[in-house]
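Morning, everyone. I have one structure to walk through today, and I'll keep it brisk.

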Amino acid sequence: MSLPMRWLTMLLMAMLLPFNVLAADYTVGVAAFDHPQQVQQRWQATIDHLNQHSGALQFQLLALPLPELERRLEAGEIDFVIQNSVKSVQYKERFGASQLLTARPLWSASAQQAIGSALVGRRDRPIDDWQQLRSLRAVSVSPQAFGGYIALWPELSQRGAEPMQFFKQLQFVGTPQRQLLKLLLAGDADVAILPSCLLESMQQQGVSGSEQLQVLLDQRPAGFPCGVSSRLYPYFMLSKLGHVPNEDATVVVRALLQLDKQQRASQQGQYSQWTVPVDDRAVYQLLRETQQWPFAPDWRTLFWRLLPWLLLAALILFLGYLHHRRVQAQVAKRTKQLRDEMAEHQQTQARLQEQQQAFYQAQRVLLTGEMAAGMAHELSQPLTSIGYLVQGCRSQLQRGNQQQLDQGLARIASQSDKASQLIHKFRHFAAQRGSHRPLQPQELVLETLELMVADLKRHQCRCQLANQLTEPLTIVGDPLLLQQVLVNLLRNAIDAMAEMAPAQRLISLRLWQQQGRLHLSVADNGHGLTPEALARLFQPFGSSKAQGLGLGMMICKRIIDQHQGQISAIALEQGLRIELNLPLQGTNQ
């Protein structure tokens, strides 16, 4: 095949390849608890192996501090992650990572039991009981260190305390981990919490002073080459994030499974080989006992996850606050308007009361004018009698008849008192000002009848009072206004019988008590009212009189209403009966 044809064939094959076989760049993240350069050097050989045995796939290693690594995981900038078993389990819950492989360490034949915590102390101060640790000063790298602080926590919790309360003093001094050994040798600490096998590794490397140290409370299982003070947990795990295609993850798994402990990648990575994921229930139990994610909230992660919702809640609260202030302002404005309206209403009510009182006074003046004619007729009789008696007394005085003179003068005094009393009652009705007070209805009716005597005589009307009250009763009211009502009813009754023969003109008054109320009726035998007039009786300007204004009965109803009473009109076969009732004193019916 010629060279041009060969190049054309290769180009066509490349165009037919699936998309995921074409070159792709993936980022592998690993946490750098110590120096990032050392972590990068440890795992770079493994990444180089992947680049050589994964076809067109290309990988880049990022050794990052733990916060930066988790930030990039949250942002989706990491595709694969190599991490200890604790972080691998947490990333499964937090970021949806899937475990692909577990590394088997160089010092152990089991990937399941690979790493734990070692309490390291001086050989010249042996410790053979956990309680002896309570009086010691302890140091550790970080509260997040899995192979040190976290793995030791369950051992101390089983003995009644967590690490911060178990030791006399516990300090976190940060990386590098070799610094903890220097503190022990210098006497600045009594015990160091380190990952298992770290001391043995330093002793093999000939680190100065490491031979003076030993692992305390060693409880290593059979076949484990290093001292360990806690339970053992799985080694490093490789996980993929959810956005990585399964086909590419399969390529990675196949490439790593080809490694053995003789190869450079394994030696630098401190593992003998990669194997299928191991049982991680022990890791979940550890996280549960130490109350870490996912069994206790990671507040930093939760904060960033909840930040949009918190901002939304803050916005809603702010808008609610603005709405509240707006409603407050509207309520204050409306309250002021209501206060102004109430003040205006009170002023209007006061003016109405003044007008009403003036209305009552005007009606009383009209009644007074109508009664004045009867009063003048009634006064003419005693005045005429007084004139005749004066002339007779003068005659008797000339004759010297002392006895007849005394009798005449006595009759003159009697007629004068009669006229004076009549004038006094008339003036009292016309000028007095009323006020609510207890009063007896019988006396009020009798006083009103005495006031109306002149009109009754002038119109030749008889009046009968049927008092059915068995005992004195008391009502509370304005006697002037109530008397005005009775005068109005009597005047209406007199006017209704104007066309009747004098012998037939009869007004019947009746007083009785029923269900805690005083009842009073005024009946006449006049011409009565038509049904239409009866329906308009208590409405203004509904008078049946030729010269009437139609305001009298409306005023009567208002007065009775003010006294919590009731008034009604009943048509009779001949005439009309007005009934009213008022509450007795001490009742609110």
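Angles run from 0 to 180 degrees between N-to-C directions. And please keep in mind that this is a predicted model.

Helix α5, residues 146-157, lies across β5, β6, β7 and β8. That one runs at about 105° to β8.

Now the sheet under discussion. Which order do the five strands take? It is β7-β6-β8-β5-β9, in an open sheet with mixed pairing. The edges are β7, residues 169-172, and β9, each pairing on one side only. From one strand to the next, the twist averages 30°. Look at β5, residues 117-122: it pairs with β8 in the antiparallel sense, over four bridges.

Next, strand β4, residues 98-105. Six of its eight residues are buried, so β4 is largely enclosed by the rest of the structure. It has an antiparallel pairing with β10, over four bridges. Thr102 faces Met237 of β10 there, standing opposite it. Strand β11, residues 271-275, is also joined to β4 by four bridges, again antiparallel. In that pairing, Ala103 stands opposite Trp274.

On to the cysteines. How many disulfides does a search of the whole structure find? One. The partners are Cys197 and Cys226, with sulfur atoms 2.0 Å apart. The link is right-handed, with 110° about the S-S bond. It ties together distant parts of the chain, 29 residues apart. Cys197 sits in the loop between β8 and α8, and Cys226 in the loop between β9 and β10. Are these two buried or exposed? Both are buried.

Cys463 is another matter. It is in no disulfide. The nearest cysteine sulfur, that of Cys461, is 9.2 Å away, and the cut-off for a disulfide is 2.5 Å. Cys463 counts as partly exposed, because its relative accessible area is 27%. Cys556 has a relative accessible area of 2%, so it counts as buried.

Now a helix pair. Helix α3, residues 66-75, packs against helix α4, residues 85-95. The angle is about 35°, and the axes are 11 Å apart. The crossing is right-handed. On the α3 side, the contact uses Leu66, Leu69, Glu70, Leu73 and Glu74. On the α4 side, it uses Lys87, Tyr91, Arg94 and Phe95. What is the makeup of that contact? Five nonpolar residues, four charged, no polar.

Last stop: Gln442, in helix α14, residues 441-451. Is Gln442 buried or exposed? Buried, because its relative accessible area is 15%, and the cut-off is under 20%. Leaving aside residues up to four places away in sequence, Gln442 touches Asn467, Leu469, Glu471, Pro472, Leu473 and Leu511. Take Leu473 from that list. It lies 31 residues from Gln442 along the chain, with the two C-alpha atoms separated by 8.3 Å.

That's the tour. Over to you for questions.

Methods. Residues numbered from 1 in each chain as written. Predicted model: local features only at pLDDT ≥ 70, side-chain atom pairs only at ≥ 80, totals over all residues. Heavy atoms only, no water. Helix = DSSP H or I, 4+ residues; strand = E, 2+ residues; numbered from the N terminus. Left-handed = near helix turned anticlockwise from the far one by under 90°. Contact = heavy atoms within 4.5 Å. Nonpolar A, V, L, I, M, F, W, Y, C, P; charged D, E, K, R; others polar. Buried < 20%, exposed > 50% of the residue type's maximum accessible area, 1.4 Å probe, protein only. Pairing = 2+ DSSP bridges.
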